[in-house]
Amino acid sequence: MMFSTEEENVELWNRQKEHFDHEPPLSHVQRFQKTIDYVLVANKVEEENDQKSRRQKAFVEQLQNKRIKVTKIQHDDKIFFGLRAPNEIFEDYKYLLKVSDSCNWCGDMKYGVSQATRIRIVNFILNHTYINTGEDLKELLKKDVFETMFCLHEKEDQKKLKKKWARWSALFTRQPTEQIKSYFGEKVALYYLWLGFYTKLLVPAAVIGVIVFLFGIAFFNTNPLIKEVCNSSIIMCPRCDKMCRVWELSDTCSYAKISHLFDNEGTVAFAMFMAIWATLFLELWKRHRARHVSKWKVYDWCEEEEELIMEIVNDTNCKPKQFRHSYLRSTLVLVLVTLMLMLIIGIAHALVIFRVVAAPLLSECQWEFLRDHANSVAVMLGAVLHYITIQIMTRVNRWVSQRLCDIEKTNSLAATERSFTVKMFTFQFFTLFSSLFYVAFFLGRINGHPGHYVRIAGFRLEECHPSGCLTDLFIQMAVILLLKQTLNNIFEFTVPLLKNLISKTTAKKLQRKCGECYRKSCRYGRGNVEQCDICKLRVWLQNYHLASTDSFNLFNEFLEMVVQFSFTTIFVAAFPLAPFLALINNIFEIRLDAIKMVCLEQRLVPRKTNDIGVWTKVLEAVGVLAVIANGLVIGVTSDFVPRLVYRYHYGPCAKGSSTTDCMQGYINDSLSTAFIHHPQVQKDFHFIHNVTQCSYRDYRNNEDYTVTSQFWLVLAIRFAFVILFEHVVVFCKFIAAWFVPNNPIQVKNDRLHDKLDRLKEELQEIKRCQSTDV
């Protein structure tokens, strides 16, 4: 019989499909034939005609219609439904991978379907199964028809991961990335691969940061500026109203020494280094990622295409989710995002007002320590309150981001995750950094001067710390970074640990009953043997009592690390020890997360991907922002530029003196004098009686309090420095990005050979089918 060309192609593909379906299964795939892919848990309902009971039965019937085997076991007031999908579903999945555009390079097509892939497919089917009322599993969980759902840990693989990775004694050993990928999927493996690479590259940054810190310590006793502060007899103006009194500049001797640790000549070079380091890190990470995803055969993997494949596996009559765009929805989302950001900035303003009000109130305190250090305590209390606000707003931000994604109505899970990630990180960034940006760039610059102080509700706006504005930024960053890393890790580890103790206690109750089963293969789930109900229930209960997991677990870990990356790079000029603290935290964070995922939490649903997703774009944006922020911190916040101007324009060396230090007299030059008898000044300092004048940090005339020419010169050089710094660093970043290609040559060549081999195999298979037909 003669066929047309189109008919020949159809017949050829049908023969290939038949050949593919009748291939003998691989030996290692058979070990999964008797395992449970997923477990559903529901509360026992007494009345069979109850709505919950009917919905449970309806959902289970829908699963059975999809050829999923359901094993029902009752225990106390719980009903456990063990789900096992037939091999035919996974054979269809493998064939669709073979004929797909982007997923046909995957190893699942050639080597069989792993348990991780089975779990992923069954999870998709569960979440896309509807009962006759139109409700899906998500809605049934909300209405308490089912209590929870989880996939099971595999004991043998779990033990191997515990031995090699998920233990504190393996703190400095290499991560078994291949085993992590096989057990948790590529998405989790890429997270740990990225975190390990990030931690490794933090080592040079941490070492240089510590050197800059030690450089400041080395000149504690010889620095002329510190000596000038400590030996000064200058009377300074009160820092607040009412109970604040004049004070001597020498009182801040200790703070001057501390500020020199991070506000010295090495800070500029370190900030430039960190900006270039951020670019090199990202470029080297892209190369590192390319090597691994190429080895895993997922270089060209497309999550949206796999989702389409699983849609077909779940329902052959499915229709694709159309791409949709609505200007009305986009406008609504934009307006709501803007309102949310305004709320977050408003909270930052509230923290400012708290510090403004707290300082004068603390100065009236009966405790001498609080009275003498009112402003410093107010800053620290503000930082602690900021941390509490962060914890509250994190939950609010997540809820708002989810609702905004619901409004957008994206067409795939991957697109929803990207949208959610961008919104959540934006909200978190403003929550974390709004207060820091105020301290870095506005504190002490908008508060006015004696006679013209700016006030809020009758309270003077706060001034910079006596030793400089950078000290306030240092305190804020140190408190938030230390609290966030320490308390978050303690909380993350403690909650799953307590749930695990409950799990062990409950599992022991079934230990004696399970001892009645004398088959080793049954008790330990080994071999191609169906377990008895008692052995199944024991394993299910152990997993049930572990801490629950969802798609947010890995997102939370990524968010925590990217926020840490932001702290490490954006304001590193104010806190050179940030990379060192991040390094120490990450060394423990890797093992803490590993122990939590392997031992204390329910198994994450394995996800296949070839990148860390939109987080790469977020990290690139943070790297660009780090250049701008560090340039402004050095040029505007620190005293680097004023000291430079004094050294070469106003200091002793600029006037030809070679007998004194070039910075001699800088402190006195950076201060202006306010006369108490001046009518306007007297309104602000009416409570001062025994002093005729006091000094404050600014460049102003002593008579009419207008800014001096030195102020304008310093301001001009500040802006010139910021522009020069940013252009030089951005140029270096572009050079670094160009110099380090994203893909190693070896990866390109390997992919070329693999594609050639696949095309040859495809041609041979077509010829074999044609010869069979003949």
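Visitor: Where does Lys164 lie?
Guide: In helix α8, which spans residues 155–164. Keep in mind that this is a predicted model.

Visitor: New topic: helix α26. Which residues are buried there?
Guide: The helix covers residues 640–650. Phe640, Val641, Pro642, Arg643, Val645 and Tyr646 are buried.

Visitor: What covers the buried residues of α26?
Guide: Several helices, including α11 (224–230), α13 (265–295) and α25 (615–637). Also among them are α27 (666–669) and α29 (709–739).

Visitor: Now backbone angles. What about the phi of Asp144?
Guide: Asp144 has a positive phi of about 65°. It is not a glycine.

Visitor: Where is Asp144 found?
Guide: In the loop between α7 (137–142) and β4 (148–150).

Visitor: Is Asp144 buried, exposed or partly exposed?
Guide: Partly exposed, because its relative accessibility is 33%.

Visitor: What phi does Tyr705 have?
Guide: Positive, about 60°, although Tyr705 is not a glycine.

Visitor: Which loop holds Tyr705?
Guide: The one between β12 (693–697) and α29. Helix α29 is also part of what covers the buried residues of α26.

Visitor: Is Tyr705 buried or exposed?
Guide: Tyr705 has 4% relative accessibility, so it counts as buried. The cut-off for buried is under 20%.

How values were computed:
Residues numbered from 1 in each chain as written. Predicted model: local features only at pLDDT ≥ 70, side-chain atom pairs only at ≥ 80, totals over all residues. Heavy atoms only, no water. Helix = DSSP H or I, 4+ residues; strand = E, 2+ residues; numbered from the N terminus. Buried < 20%, exposed > 50% of the residue type's maximum accessible area, 1.4 Å probe, protein only. Contact = heavy atoms within 4.5 Å.
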